[in-house]
Amino acid sequence: SECKEQVMFFPLDLEETNSVQEFAKRCKKELGNIDVLFNNAAICLYSNKLEAAKRSFKVNVQGTYELTRLLVLETQQREHPSPAIVVNLSSSEGELSYLYSILAQDMMNASCGEEV
């Protein structure tokens with residue numbers, strides 16, 4: 001097979017549902033089926049306020065799940081017979097709200113694995 005040396009950049013804000021949907025649509029159009037998804041997107045807000053925890057959870061869990069669902073899970077169930085590989089990278093450093101969202105992300109990973 002031929003390797004193309006091509007890099008593409010698409011804007012994405014995991015906090016915004018419309019951004020996630022547009023990103024997934026553009027990826028599918030430009031790239032086709034996704035066989036491997038590496039996600040290193042996360043935020044760590046240094047605050048003990050509830051809003052920081054909510055925002056951290058929205059990006060690190062909800063946004064990540066929505067992106068994974070749109071790019072991999074729905075496609076796998078309908079079109080692509082072989083399972084995709086999803087890698088969510090995270091860190092053990094950070095504030096409590098960040099750590100809770102990463103724990104939820106780990107649980108989401110397990111759940112997504114069961115869906116595929």
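## Helices and the model

Helices here are DSSP runs of H or I with at least four residues, numbered from the N terminus. With that settled, a quick look at the charged side chains of this predicted model.

## Glu66 and Arg69

Glu66 and Arg69 sit 3 residues apart in helix α2, or about one turn of the helix. Their side chains meet in a salt bridge, with N to O at 2.5 Å.

Is Glu66 buried or exposed? Glu66 counts as buried because its relative accessibility is 18%, and the cut-off for buried is under 20%. Arg69, at 22%, counts as partly exposed.

## Lys54 and Glu51

Helix α2 covers residues 50–78, and Lys54 and Glu51 both belong to it, again 3 residues apart. In their salt bridge the closest N and O atoms are 3.7 Å apart. Glu51 is exposed, with 56% relative accessible area, while Lys54 comes out as partly exposed at 47%.

## Glu22 and Lys25

Over in helix α1, Glu22 and Lys25 are spaced about one turn apart, 3 residues along. They form a salt bridge too, with 4.0 Å between the closest N and O atoms. Lys25 is exposed at 54% relative accessible area, and Glu22 is partly exposed at 46%.

## Glu15, ahead of α1

Glu15 lies in the segment before α1, which runs 17–31. The Glu15 side chain makes a polar contact of 2.9 Å with the side chain of Arg55. Leaving aside residues up to four places away in sequence, Glu15 touches Arg55, Lys58 and Val59.

Key
Residues numbered from 1 in each chain as written. Predicted model: local features only at pLDDT ≥ 70, side-chain atom pairs only at ≥ 80, totals over all residues. Heavy atoms only, no water. Helix = DSSP H or I, 4+ residues; strand = E, 2+ residues; numbered from the N terminus. Polar contact = N/O pair within 3.5 Å; in protein donor to acceptor, adjacent residues only side chain to side chain. Contact = heavy atoms within 4.5 Å. Buried < 20%, exposed > 50% of the residue type's maximum accessible area, 1.4 Å probe, protein only.
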